[in-house]
Amino acid sequence: SYDSLNALGFAALLIMWKQPFALYDAGFQFSFAAVSGVVWAGKIVQNTYQGHAVLQKIGMGFVLQLVILPVTAWYFYEIPVYAMLLNLIVLPFIGVALASGIAGGVLGSAAIPKMTLVRIALLPCHLILNGYEKICTIASGLPNALLITGKPSAVRITIYYLLLAAGLFLLSHRTKHQKKVQRVSGENRKQKIGKRYLGKVGMPFISGFCLLAFLFIKLPQGMKLVVLDVGQGDAVFLRTGDGTGCFFDGGSTSVNEVGKYRILPFLKYNEEKKISYWFVSHGDEDHISGLLEVFESGYPVEYLVLSEEMPKDEAYDKLCAAAQKNRTEILLLGAGDTIQIGAAC
């Protein structure tokens with residue numbers, strides 16, 4: 001008989017038989033983690049909340065995020081905050097999209113003369129996927145849509161998945177045990193049922209949030225100074241002993257999109273949720289091109305620190321406009337001025 005987990009394992013075996021290094025591919029890991037979350041963890045949640053359709057959907061979306069968020073953080077150093085809510089919108093329509101796609105593929109393979117039938121068959125799939133894409137685009141523009149987590153260690157992720165598997169096993173065992181109906185009378189019955197229901201609903205979610213806290217909790221970090229490789233340019237990061245993030249310049253004339261592909265990934269990898277002070281020496285492209293991309297991305301920068309003697313040219317105006325658009329306050333320093341950052345000056 002067909003078994004989802006065995007089918008999933010067989011599909012992985014076929015892929016890795018042809019290309020063993022597919023195991024290290026981000027797409028491979030995302031796909032199999034998501035499907036595992038649905039066919040294994042999802043079934044446990046469905047059995048737990050059997051008879052409660054709304055809780056089943058919420059639980060499915062939540063446990064799916066618990067399964068794939070470590071992979072997301074490993075590759076992108078940030079996680080989508082509204083992902084669970086978005087999944088609640090799209091999950092009920094996945095079956096329709098899948099059926100529509102299969103129908104369109106079968107009709108297209110049959111080389112039917114009238115392609116209108118193929119378009120009609122694929123229409124539901126097209127509408128669902130495009131609608132979900134638009135919803136995701138809107139959600140990405142909401143405040144705090146992405147939470148910078150840094151890159152969790154392999155050890156922490158391994159422990160996380162072991163704890164998640166143990167928790168799901170205990171939840172499954174508890175659900176089977178609770179299906180044995182015990183007859184009690186009067187108020188005792190109401191109290192016991194109430195406590196049991198509260199624990200049944202709340203504990204899995206509380207445990208899940210505790211797991212996420214374990215995975216993403218930030219450990220104390222000391223002073224750090226890094227000179228980034230940006231080719232022909234300048235980009236220096238400094239974290240003071242009290243955890244204040246500072247950056248000096250940030251641009252390149254030899255590396256394209258240096259802010260998007262070098263500066264921002266570096267900051268997110270190291271779980272720097274914001275830069276408190278971004279110092280700019282002058283407005284040449286190899287000193288500000290990456291910073292302009294950082295501003296454009298919406299990454300939080302509290303203060304842009306400039307010299308009072310900096311030429312008020314086109315680069316200066318462009319930099320100040322980008323800072324103001326990003327809600328970054330501009331500080332102008334003169335000769336002898338200092339900034340006190342904790343114990344650092």
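Biologist: How do helix α9 and helix α10 pack, at what angle and how far apart are their axes?
Modeller: In this predicted model, helix α9, residues 258-269, packs with helix α10, residues 285-297, at an angle of about 80°, and their axes are 8 Å apart. Because angles of 65 to 115 degrees count as roughly perpendicular, α9 is roughly perpendicular to α10.

Biologist: Which residues make that contact?
Modeller: On the α9 side the contact is made by V258, G259, K260, I263 and L264, while α10 contributes S289, G290, E293, V294 and S297.

Biologist: What about aromatics, how many pairs turn up?
Modeller: Searching the whole structure gives 13 aromatic pairs. One of them joins F28 and F32 in a tilted arrangement, with 4.4 Å from centre to centre and 35° between the planes.

Biologist: Where do F28 and F32 lie?
Modeller: Both are in helix α2, residues 26-48, where they are four residues apart, about one turn of the helix. F28 is buried with a relative accessible area of 11%, and F32 is buried with 16%.

Biologist: Which residues do ring pairs link into a cluster?
Modeller: That cluster consists of F237, F247, F266 and W278, linked by ring pairs.

Methods. Residues are numbered from 1 along each chain as its sequence is written. This is a predicted model: local features need pLDDT of at least 70, side-chain atom pairs count only at pLDDT 80 or more; totals for chains, interfaces and linings use all residues. Side-chain values use heavy atoms; hydrogens and water are left out. Axes are lines fitted to C-alpha atoms, for helices over the stretch in contact, and angles run from 0 to 180 degrees between N-to-C directions. Helices (H or I, at least four residues) and strands (E, at least two) are DSSP runs, numbered from the N terminus. Angles under 35 degrees count as roughly parallel, over 145 as roughly antiparallel, 65 to 115 as roughly perpendicular and the rest as oblique. Contact means heavy atoms within 4.5 Å. Rings of Phe, Tyr and Trp (its six-membered ring) pair if their centres lie within 6.5 Å; planes under 30 degrees apart count as stacked, over 60 as edge-to-face and the rest as tilted. Buried means under 20% relative accessible area, exposed over 50%, partly exposed in between (1.4 Å probe, protein chains only).
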